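The sequence and the structure are shown first.

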Number of protein chains: 2
Amino acid sequence: MKSGLNFLVAARRCEIRELEQLLLTSELVRRTAELVHALQKERGLSNLYLGGGDAEFGAQRGKQMGACDAAAERWRSALEQLDIDGASTIGNGARLFSRIAYALQGLGALPLLRERITQRGLPAAESTRGFSRLVAALMGVVFEAADSASDPELSRLLVATFHFMQGKEFTGQERATGAGTFAQGAAEIQQQQLWLHLIESQERCFTVFADFAEPQHIAAWQACLGGGAMAEIERLRRIGCTAPVGSTLDRALSRTWFDACSERMDAMQSVETRLAADLVQRCQEKLQQARADLEQQAMQLKAAQSLAADNPGSAFFDQPAQRRDAPPIGPQLGRSVLDMVQEQSHRLQAMADELASVRATLNERKIVERAKGLLMAHRHLSEEEAHKTLRQTAMGQGKRLVDVAEAVLAMAELLPAPVARR
Amino acid sequence: MKSGLNFLVAARRCEIRELEQLLLTSELVRRTAELVHALQKERGLSNLYLGGGDAEFGAQRGKQMGACDAAAERWRSALEQLDIDGASTIGNGARLFSRIAYALQGLGALPLLRERITQRGLPAAESTRGFSRLVAALMGVVFEAADSASDPELSRLLVATFHFMQGKEFTGQERATGAGTFAQGAAEIQQQQLWLHLIESQERCFTVFADFAEPQHIAAWQACLGGGAMAEIERLRRIGCTAPVGSTLDRALSRTWFDACSERMDAMQSVETRLAADLVQRCQEKLQQARADLEQQAMQLKAAQSLAADNPGSAFFDQPAQRRDAPPIGPQLGRSVLDMVQEQSHRLQAMADELASVRATLNERKIVERAKGLLMAHRHLSEEEAHKTLRQTAMGQGKRLVDVAEAVLAMAELLPAPVARR
């Protein structure tokens, strides 16, 4: 017959198994960040290749394709580590695996996209969209990884990492948009609006990142913002975004812009790398701690077992109904099993509460994205138009963005059927 | 090398494993409901035994203790089914196991409580508190079981079951309070307030139950409300709750009240039994369906595999960014892997969204309970006073109860240190 002690130990073992899985998932996040960075670079070089005819770009692109393939190999190796056949505990395994399946489909289609680029068989905008879609599929993997963490501290780091990566992806899209605007040599209203939208989207992501990241990550990020590249970027943003519609832009700025942005993105990658490495390390530390705790608990239990384990005497009924202050930490062999059970319950409950508040951020993101998707489909708006609509409604009504997004989803059934986009 | 197909199948297998675990958890919920019902009856009979000196009550209590022990054995058998040593997927295993450990401690202490009752060594109120604490520990197990479900339909049923059981527990506490009030032969303000609080608490629980239950459960519950016992209960509630403080109450009504309440609780048990049985059955059906789906998917995959599985051609990049309408259901061997991956992703996402809204209800409950606990500890209020404070603040400010509770938790650090209760 299983005793309370068995379940006390089983609860601890569950935590350990969750951390073991999270360690594998974190390793996957690290590899995903590398792969995304390589794809972002290939996207940029592909645009330059499609835009100019420069042989130099072709060679650089070829080299970057090799780097990308190597990163994809490492990413696939991280997948191999996941226990997909066993019955292991993975937070939201079904959703995570499903996202991985989708990303693998994207990687499988990449050679075809590259071939069309090599033959200059598609416009730069379409190439950008293709790479961005693949990156989005990979970001989906990171999102589910973040959503699977059951430890609040690790969950915070994952949320910070996801938002940093997403912010960097908007930076990459801004690089492409700006390069395209300068390359065409004339200011155009739609591109300028998209550009401004991408700047704003980055800032929103970095705000969330700063809310959840640890001080050393925020410091590393601030070091990125202080660099000379940033001043150059702001100058070129001003030129590109404020140029009167139809006015001429210096095509040569395309390359200047691209290089400044690339310098910034490489600096951002170092923050990303640090986040991902810290995540893996924190996981390992937590795992070590949890294993040590289990061992110590086993010792306490051995001592307690001699005093009829599931017979807490009248203590169960006498204890005050309110939680007591946290008992002192350390080996106390004389402690009752009941004390240990209660301490563990309170600790788990506190973790669950903290986790819920971290997850709320992910959830808000999901709600806003879905509301945008709905507006895009039903009112055939672009992503930035949909976002602007939500934001203006929120400002007008003095509400939070997420509240307006929720209202949009709630009225979904009242909206007209989706209209095919022209 | 694992392909997208492997992950597609792995995602489905995760769902199946989750359902398998949920089936075991549901069986545990069913056994918990039985045990709680037996304990509620023993609590009532123990009070009658402590109150009167009637030998009949003693014999009935002895018989009920046997029934309770048998239910406890069946509950322990359900625990044996849980795979606590393996690495199996259980939603929130750590919290669930921790709650079970606590409940086992309570069951271990039960013989001691009974001994003191047999020797009439404690007041009825204290006996009631002891049994109620044990029931609360068991309700904690049901709560975590409800919080572990990853299927929205099953989660709804679990939320309905939890709230019905909790409502029934308030009914049991009302039975004890009313019996005590009549037995002492005089109306007392504190008991009347508690009584009214318990009536209100029941109603809140049954409202949530009705929001989440299926029509046949609601119909079964309405049949309970229509019985003759209910009219008798309302008459006695009126007498007991509106009697001027200090006025005399007919002691004989204690037994009348107890019997009417017991009849009602037995009727409620039939609803509870049906809920728990339907939960187990629904789990089995879902599991069967998921296994059939996996088999069908395996067939489709076999067909698809011949067309280079991870090479979706340009489809990955060409597909519209918006979700398409759900593809038709049924075996379509010609379907692409990409289609299957996307369909699965959308299905899982829709499930996650629905689940999030069901879970929100559990979360609100947690927040209100924690805010009450905080007020009880810091302002040494009783549970019903704490609830009244929250409710009156909410009404005064035109806010929801949960918003006020959140505000209370947010100011927790501003509150004075807990004062030991007198």
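The sections below take up the interface and then the salt bridges.

## Extent of the interface

The model is predicted, and the values that follow are computed from it. Between them, chain B and chain A bury about 6600 Å², of which 60% lies on carbon and sulfur atoms. On the side of chain B, B:Phe7, B:Gln105 and B:Phe317 together supply 12% of the area that this chain buries against chain A, more than any other three residues. The contact draws 78 residues from chain B and 78 residues from chain A.

## Composition and polar pairing

Six elements of chain B give two or more residues to the side that touches chain A, namely α1 (4-51), α2 (55-81), α3 (93-118), α4 (124-148), α10 (315-318) and α11 (337-378). The largest share of that side, 18 residues, comes from α3(B). Sorted by residue class, the side of chain B that touches chain A divides into 35 nonpolar, 24 polar and 19 charged residues.

Over all chains, the structure holds 68 salt bridges. In one of them, the side chains of A:Glu169 and A:Arg43 meet at 2.8 Å, N to O. A:Glu169 lies in helix α5 (residues 152-184) of chain A and A:Arg43 in helix α1 (residues 4-51) of chain A, so the pair ties together parts that are 126 residues apart in sequence. A:Glu169 counts as buried because its relative accessibility is 2%, and A:Arg43 counts as buried at 1%.

In chain B, the side chains of B:Glu169 and B:Arg43 also meet in a salt bridge, at 2.8 Å, N to O. This pair links helix α5 (residues 152-184) of chain B, which holds B:Glu169, to helix α1 of chain B, which holds B:Arg43, and so ties together parts that are 126 residues apart in sequence. Both B:Glu169 and B:Arg43 are buried.

Salt bridges that share partners join A:Arg95, A:Arg99, A:Glu144, A:Asp147, A:Arg359 and A:Lys366 into one network.

A further salt bridge pairs A:Asp278 with A:Arg274, whose closest N and O atoms are 3.9 Å apart. Both residues lie in helix α9 (residues 253-305) of chain A, four residues apart, which is about one turn of the helix. A:Asp278 counts as buried, at 12% relative accessibility, whereas A:Arg274 is partly exposed, with a relative accessible area of 39%.

Methods: Residues are numbered from 1 along each chain as its sequence is written. Chains are lettered from A and ligands numbered from 1 in the order in which they are written. This is a predicted model: local features need pLDDT of at least 70, side-chain atom pairs count only at pLDDT 80 or more; totals for chains, interfaces and linings use all residues. Side-chain values use heavy atoms; hydrogens and water are left out. Contact means heavy atoms within 4.5 Å. Buried area is the accessible area (1.4 Å probe) that two parts lose on being put together, summed over both. Ala, Val, Leu, Ile, Met, Phe, Trp, Tyr, Cys and Pro count as nonpolar, Asp, Glu, Lys and Arg as charged, and the others, Gly among them, as polar. A salt bridge is a side-chain nitrogen of Lys or Arg within 4 Å of a carboxyl oxygen of Asp or Glu. Buried means under 20% relative accessible area, exposed over 50%, partly exposed in between (1.4 Å probe, protein chains only).
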